[in-house]
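This report walks through selected side-chain contacts and surface features of one protein chain. Please keep the sequence and the model at hand while reading.

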Amino acid sequence: METIRIYDTKPYDTTFSARVVLAVPAKTAGALNVILDRTLFFPEEGGQTPDRGQLSGREVLDVQIDRANVITHTIALLPDESAKAAIADLTSQTEVTGIIDWSYRYSNMQNHSGEHILSGLLHSLYGYENVGFRLSDNTVTLDTSGILSDEQILDLEQRANDVIYRNVAITCAYPTEEVLKTLDYRSKKELSGAIRIVTIEGVDVCACCAPHVARTGEIGIIKITGVVRSKDSTRLFLVCGRRALADYEAKQEQLLAISHLTNLPQEDTAEGVERLLGDITRLRENLRAAKERYVDARLSAIQSAAAADASIPRREDGTPDLSQRSVWVFEAAMDNLTQRRFMNALCDLGYLYAGVFAGNDTDGWKYLIGSRGGNANLPNGILKERFQARGGGKPEMVQGSVAAAQADIETALAAVQ
Ligand SMILES: [Zn+2]
């Protein structure tokens with residue numbers, strides 16, 4: 001038998017009494033499925049989450065409606081209560097009491113009613129339909145069957161809020177079939193049985209079964225907070241009423257934090273952040289140039305030392321012949337790109353092996369070893385054998401990490417000449 005929907009005629013009621021028709025264990029452990037002869041709990045329907053609250057002192061976890069309009073409440077058992085005891089308790093009572101979470105319900109009523117205003121305006125202004133509505137705990141979205149420009153969305157938002165300021169009545173009725181035939185109303189699906197028509201005078205006429213606020217003024221505000229356009233539709237993210245206030249509060253908090261961080265008035269934060277990002281780009285560029293100059297200076301020092309080292313044989317042009325020599329460089333901190341550039345530049349000087357180690361004795365070293373003409377796996381093998389280094393690569397270049405002291409690494413690699 002169809003469940004009597006009290007929310008249909010009394011959307012502002014918060015408590016009700018009802019007779020238990022059926023109470024059985026739910027599929028979920030620790031829960032029961034309960035069918036009542038009447039209910040104030042709006043089920044999950046039309047993209048909207050179900051009401052919350054309590055039934056006979058037990059938390060209502062879910063509310064579902066089937067094709068025969070029978071509404072099932074899934075309720076949690078009390079602590080240490082068995083399903084059998086709960087069923088016995090519920091069925092022994094002539095009537096049980098239900099209380100809905102009013103704050104949750106009222107927020108849904110505000111957001112749902114706000115959606116009617118937007119859908120009605122989209123219909124009358126552009127001939128677009130509402131092709132999807134979702135009212136969840138986190139998000140309210142409305143999909144419309146056409147593309148809207150930013151200007152159109154702003155205009156829509158202002159018109160919707162004008163409807164709120166006018167405080168228009170929102171009425172619900174079950175017109176006769178004859179009257180229905182004369183009505184031009186929005187409907188998402190083919191409906192059968194008694195059709196409930198929700199009217200916002202001059203704004204929207206729509207077939208709908210959910211609870212709404214009595215007058216548009218109660219919606220408080222409609223704010224469109226996001227837009228996603230696809231090929232032939234537009235998804236609007238919106239917030240109404242208390243949700244809009246919560247959204248404003250959250251955004252105000254963010255803006256205040258940015259204002260404090262940038263030391264700028266709230267109205268200038270975007271400009272301030274843009275300036276900071278510009279500063280970061282310039283600093284990055286300066287840092288990159290400084291790193292290049294540092295590597296160049298180190299290279300030039302290494303070159304001078306080699307030129308002054310009488311033990312190094314000379315090429316025909318008098319420059320040092322480094323083809324049988326290795327160079328090991330240790331740096332406190334160096335990013336990977338600079339380290340690689342440094343190693344390549346050392347190889348270009350003509351060394352057989354050139355290794356650049358970045359780090360320190362305590363935390364270990366990340367190394368890159370390159371070779372022109374040799375096999376970089378050879379020094380890498382020594383580091384692995386002596387210090388259990390981790391690394392590998394090709395004969396031209398290996399990379400790895402080693403936990404050992406600089407002096408010990410230098411001693412171990414001295415053999416590679
Ligand atoms: Zn509705």
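Is Glu-81 buried or exposed? In this predicted model, Glu-81 is buried, because its relative accessible area is 18% and the cut-off for a buried residue is under 20%.

## The salt bridge of Glu-81 and Arg-58

Glu-81 forms a salt bridge with Arg-58, and the closest N and O atoms of the two side chains are 2.5 Å apart. The pair links distant parts of the chain, since Glu-81 lies in the loop between strand S8 (71-76) and helix H2 (83-92), whereas Arg-58 belongs to strand S7 (residues 58-65), 23 residues apart. Arg-58 is buried as well, with a relative accessible area of 2%.

In the loop between S8 and H2 there is also Asp-80, a residue other than glycine whose phi has a positive value, near 65°. Asp-80 counts as exposed, because its relative accessibility is 86% and exposed means over 50%.

## Other salt bridges

Side chains of opposite charge can pair when their charged atoms come close. The count of salt bridges in this model comes to 20. One of them joins Arg-186 to Asp-204, with 2.8 Å between the closest N and O atoms. This pair, too, links distant parts of the chain: Arg-186 is in the loop between helix H5 (177-182) and strand S13 (197-200), and Asp-204 is in strand S14 (residues 204-207), 18 residues apart. Arg-186 is buried, at a relative accessible area of 6%, and Asp-204 is buried at 4%.

A further salt bridge brings together the side chains of Arg-372 and Asp-348, at 2.6 Å from N to O. Arg-372 counts as partly exposed, with 43% relative accessibility, while Asp-348 is exposed, with a relative accessible area of 57%. Elsewhere, salt bridges that share partners join Arg-58, Glu-81 and Asp-89 into one network.

## Aromatic contacts

How many aromatic pairs are there? The count comes to 8. Among them is the pair of Tyr-7 and Phe-42, which is edge-to-face, with 5.2 Å from centre to centre and 90° between the planes. This pair links distant parts of the chain, 35 residues apart, with Tyr-7 in helix H1 (residues 6-9) and Phe-42 in the loop between strand S5 (38-39) and strand S6 (53-55). Both Tyr-7 and Phe-42 are buried.

## Around helix H7

Which residues gather in a patch of negative charge on the surface? They are Glu-267, Asp-268, Glu-271 and Glu-274, and of these Glu-271 is found in helix H7 (residues 269-308).

The loop between helix H6 (241-262) and H7 contains Asn-263, which, as a residue other than glycine, has a positive phi value, near 60°. Asn-263 is exposed, because its relative accessible area is 71% and the cut-off for an exposed residue is over 50%.

How values were computed:
Residues are numbered from 1 along each chain as its sequence is written. This is a predicted model: local features need pLDDT of at least 70, side-chain atom pairs count only at pLDDT 80 or more; totals for chains, interfaces and linings use all residues. Side-chain values use heavy atoms; hydrogens and water are left out. Patches are made of residues with over 30% relative accessible area and no salt bridge: like charges are joined within 9 Å, nonpolar side chains (Val, Leu, Ile, Met, Phe, Trp, Tyr) within 5 Å. Accessible areas come from the Shrake-Rupley method with a 1.4 Å probe; for residues, only the protein chains shown count as cover. A salt bridge is a side-chain nitrogen of Lys or Arg within 4 Å of a carboxyl oxygen of Asp or Glu. Lys and Arg count as positive and Asp and Glu as negative; His and the chain ends are not counted. The place of a charge is taken as NZ of Lys, CZ of Arg, CG of Asp or CD of Glu. Helices (H or I, at least four residues) and strands (E, at least two) are DSSP runs, numbered from the N terminus. Rings of Phe, Tyr and Trp (its six-membered ring) pair if their centres lie within 6.5 Å; planes under 30 degrees apart count as stacked, over 60 as edge-to-face and the rest as tilted. Buried means under 20% relative accessible area, exposed over 50%, partly exposed in between (1.4 Å probe, protein chains only).
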